[in-house]
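Have the sequence and the 3D view open as you read.

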Amino acid sequence: MDSDKKVTILREGFLVKRGHVVHNWKARWFVLTPEKLLYYKYDGSRRDSCQRGKILLKDCVITCPFLEFENRPLVFKLQTKHGVNHFLEACSREQRDEWAAEITVQVNKLQTNEGVKATKQQVPGGSQLHNINLSKVLDSMYDVHSGIKMSNHVEQGSTYSNCFSGSAVVDWLVFMQLALTRVEAVTLASALLEEGFLRTVGLKSVAALRTAGLSEQFMDDSTALYSFSDSLKKRGSVKAETSLSAVELSGTVMKRGFLLKQGHRRKNWKVRLFMLRSEPAFLHYYDPTSDDISPVGGFSLRGCLVSSLDDNGVPSGVKGNIQGNLFKIITQSDTHYFIQAPSHQDKMDWIDAIREQT
């Protein structure tokens with residue numbers, strides 16, 4: 001780790017990286033420096049001191065969002081000057097965009113050619129929204145291969161099938177180079193809504209229309225749902241179903257992020273994507289290396305106890321060489337969950353957020 005100390009660390013944290021040879025996804029600890037993006041393996045509960053790889057930032061091209069992996073909408077792509085592609089997935093849209101923006105700043109600083117920008121230019125010469133053909137945009141959205149992906153979404157206990165979120169539409173419009181910025185994409189999506197090509201689904205997007213008054217206001221929001229209008233050719237109709245698991249997953253996501261969790265049987269540590277929901281209050285965790293969009297586990301926060309564990313020594317019930325920043329959650333049924341956060345601040349933020357829901 002001595003080599004790290006000589007270099008300014010601009011940002012660090014977990015990202016999920018796609019392998020070059022075997023195309024599986026692995027959680028890695030990434031460190032952004034002024035000239036390189038370094039990544040490390042987590043050996044059980046501790047960061048491996050041996051660097052697993054590096055991406056030289058000079059003349060890199062960043063594509064954000066990158067939407068060609070099904071069920072992975074939070075990926076961005078780095079292409080090196082030698083044409084090697086690196087696909088990295090963040091835990092949230094905000095994290096994805098922040099990583100991409102900070103890497104872009106460093107790439108631009110390293111540029112040799114004046115005026116060459118690192119971020120992929122989506123539309124040459126600025127906005128072209130005034131002469132865009134909405135019918136052609138709609139046809140592109142319908143395309144089975146490159147169109148927008150429809151899936152099931154849960155809102156307040158109801159599961160809506162064959163729909164998509166507002167953020168997913170904005171991501172897709174930017175990725176397909178139909179809009180230069182997210183603001184332009186919202187304008188374009190609002191026009192599709194106004195023309196009746198898209199319709200609101202569920203409560204949140206409908207409420208947004210009411211508050212917007214006469215104008216059709218599209219929401220760049222992962223919880224606002226939309227679908228193709230019923231009057232258009234169908235790629236599947238929207239249905240609402242209610243199930244117990246749907247109720248569990250129906251709460252508002254209050255916090256999400258990568259944390260290390262100790263297994264109950266083998267006591268090994270794995271990186272998991274945690275999602276904290278309210279009303280109802282649940283904590284679910286997902287395997288970020290799997291393409292399955294269902295949680296691998298979760299529990300109600302009602303009656304839970306959450307406590308910070310001292311970094312001095314290894315607490316009872318904890319195995320492995322611990323990095324630190326540990327906390328414990330005891331459920332109402334007396335199941336003990338041991339979790340490590342990437343930093344002390346992350347640990348305290350998670351503890352506070354969980355306590356608010358218990």
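**Aromatic pairs and a buried glycine**

Tyr226 is buried, at a relative accessible area of 0% (buried means under 20%, exposed over 50%, partly exposed in between, with a 1.4 Å probe and protein chains only). This is a predicted model, where local features need pLDDT of at least 70, side-chain atom pairs count only at pLDDT 80 or more, and totals for chains, interfaces and linings use all residues. Residues are numbered from 1 along each chain as its sequence is written, and side-chain values use heavy atoms, leaving out hydrogens and water.

**Stacked rings**

- Searching the whole structure turns up 14 aromatic pairs (Phe, Tyr and Trp rings, the six-membered one for Trp, with centres within 6.5 Å; planes under 30 degrees apart are stacked, over 60 edge-to-face, the rest tilted).
- Phe218 and Tyr226 are stacked because their ring centres sit 4.2 Å apart with planes at 20°.
- Phe218 is buried too, at 1% relative accessibility.
- Phe299 and Tyr337 also stack, at 4.4 Å centre to centre and 25° between the planes.
- That pair links distant parts of the chain, 38 residues apart: Phe299 is in strand 16 (residues 297-300) and Tyr337 in strand 19 (residues 336-340) (strands are DSSP runs of E, at least two residues, numbered from the N terminus).

**Cluster**

- Trp25, Phe66, Phe69, Phe87 and Phe175 make up one aromatic cluster.

**Gly53**

- Gly53 lies in strand 4 (residues 46-56) and is buried, at 10% relative accessible area.
- Leaving aside residues up to four places away in sequence, Gly53 touches Leu37, Leu38 and Tyr39 (contact means heavy atoms within 4.5 Å).

Methods. Helix = DSSP H or I, 4+ residues; strand = E, 2+ residues; numbered from the N terminus.
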